[in-house]
Number of protein chains: 2
Amino acid sequence: MHLIMTKSPHTAPPLEATVTELSLAVGLLLRRLRAETNPDGLTWSQTMVLARLERSGPMTTADIARAEAVKPQSMGATLTELEGDGLVERHRHPSDGRQILFSLTAKGVEARRRRGAAKQKWLLEAITALNPEEQATLMSAVTLIKRLGASGSRHGEEP
Amino acid sequence: MHLIMTKSPHTAPPLEATVTELSLAVGLLLRRLRAETNPDGLTWSQTMVLARLERSGPMTTADIARAEAVKPQSMGATLTELEGDGLVERHRHPSDGRQILFSLTAKGVEARRRRGAAKQKWLLEAITALNPEEQATLMSAVTLIKRLGASGSRHGEEP
DNA sequence: TATTGTTATACTCTATAACTATA
DNA sequence: TATAGTTATAGAGTATAACAATA
């Protein structure tokens, strides 16, 4: 069991150190993920949206924006790119003419399948190299980080 | 103890799901952190560099770039901004005329102190709201995430 | 020749503001 | 009037490429 220790107990309450260390760690990992995203010419953000649609099924622009904690306009831009690449398609909402549902196309599903094999190999290997206890800790932490990411926000929760 | 379960056991090995879920969670949290960074007019990246210099002492451009997993040119831009704001200052390296050491100025130290109190209040509160076991899990995971972020890379390790 | 840093340029991601269409 | 989405513009954060100075 590894615990983060601040250099001296009097600097700050441990939880403040955790905020800083968590921020640094998350920033570092995300930059690594971003830097390596690209077997299909997809950016990291595009990949994340595809992953979410695959997992959650058809969603509206606003729904995806809420889940990813970005503004609808920003998500609209990403979806337009993905649509241009033929990876997602739009459908009219059955009862509300304003809303538009996005879902993966066959090509989008295929892109997800290919990625599963090739991408983020380094991260998969790094996680595989952890011992079982560490893997369990990481998986538990993922749910906690999601809660933190969704907490105290005007944003909606993730499904 | 919370475990992430994939919807059906046959979709993918659990560790692949962990890669995806970890990516989504980290992306979400980082967007929240980025969005809220700004009591002093500092951006998130600037804040992270100040935090690192505070923790590790004087570092060269290349050192910081390695630690943050960005290119030296990118870090150079960030450091130039911070220098322009009077938060960091440069010093000649004692033995190598090519290298430049950056350290916090008094104003930079003050900015860190003020931030400790005010910033990322929502995250500190969210972490405080976790139970002790969850907090311990999170702290353990921070060290794991740092290792993942540094793994398999041409980048150096973090101090 | 290899390394550290700088300058110039471009792309990704996201935000804010103003607008249109539907509820 | 409130909500979903679109269009236009801007800024932050990086990257790549080409260069200068030092080792």
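## Reading a sheet and an interface

Me: Which strand is joined to β3(A) by two bridges?

Reply: Strand β1 (residues 59-60) of chain A is joined to β3(A) by two bridges, and the two run antiparallel. Strands here are DSSP runs of E with at least two residues, helices are runs of H or I with at least four residues, and both are numbered from the N terminus; two strands pair if DSSP finds at least two bridges between them. This is a predicted model, in which local features need pLDDT of at least 70 and side-chain atom pairs count only at pLDDT 80 or more, while totals for chains, interfaces and linings use all residues. Residues are numbered from 1 along each chain as its sequence is written, chains are lettered from A and ligands numbered from 1 in the order in which they are written, and side-chain values use heavy atoms, with hydrogens and water left out.

Me: Which residues of β3(A) are the bridge partners of Met59(A) and Thr60(A)?

Reply: Strands of a sheet pair through backbone hydrogen bonds, either parallel or antiparallel. In this case Met59(A) has Phe102(A) as its bridge partner, and Thr60(A) has Leu101(A).

Me: What is the order of the strands in the open sheet of chain A?

Reply: The order is β1-β3-β2, three strands with antiparallel pairing. Because β1 and β2 of chain A stand at the edges with a single partner strand each, one side of each is left without a neighbour in the sheet. Strand β2 (residues 88-92) pairs with β3(A) over five bridges, and Glu89(A) stands opposite Ser103(A) there.

Me: How is the area buried between chain A and chain B to be read?

Reply: The size of an interface is often given as the accessible area lost when the parts come together. Here that area (1.4 Å probe, summed over both parts) is about 6,700 Å², with carbon and sulfur atoms giving 70%. The contact (heavy atoms within 4.5 Å) takes 65 residues from chain A and 64 residues from chain B.

Me: How many salt bridges does the rule find across the interface of chain A and chain B?

Reply: A salt bridge is a side-chain nitrogen of Lys or Arg within 4 Å of a carboxyl oxygen of Asp or Glu, and the rule finds eight across this interface. The side chains of Glu68(A) and Arg31(B) meet in a salt bridge at 3.1 Å, N to O.

Methods. Buried area = accessible area lost by both parts, 1.4 Å probe.
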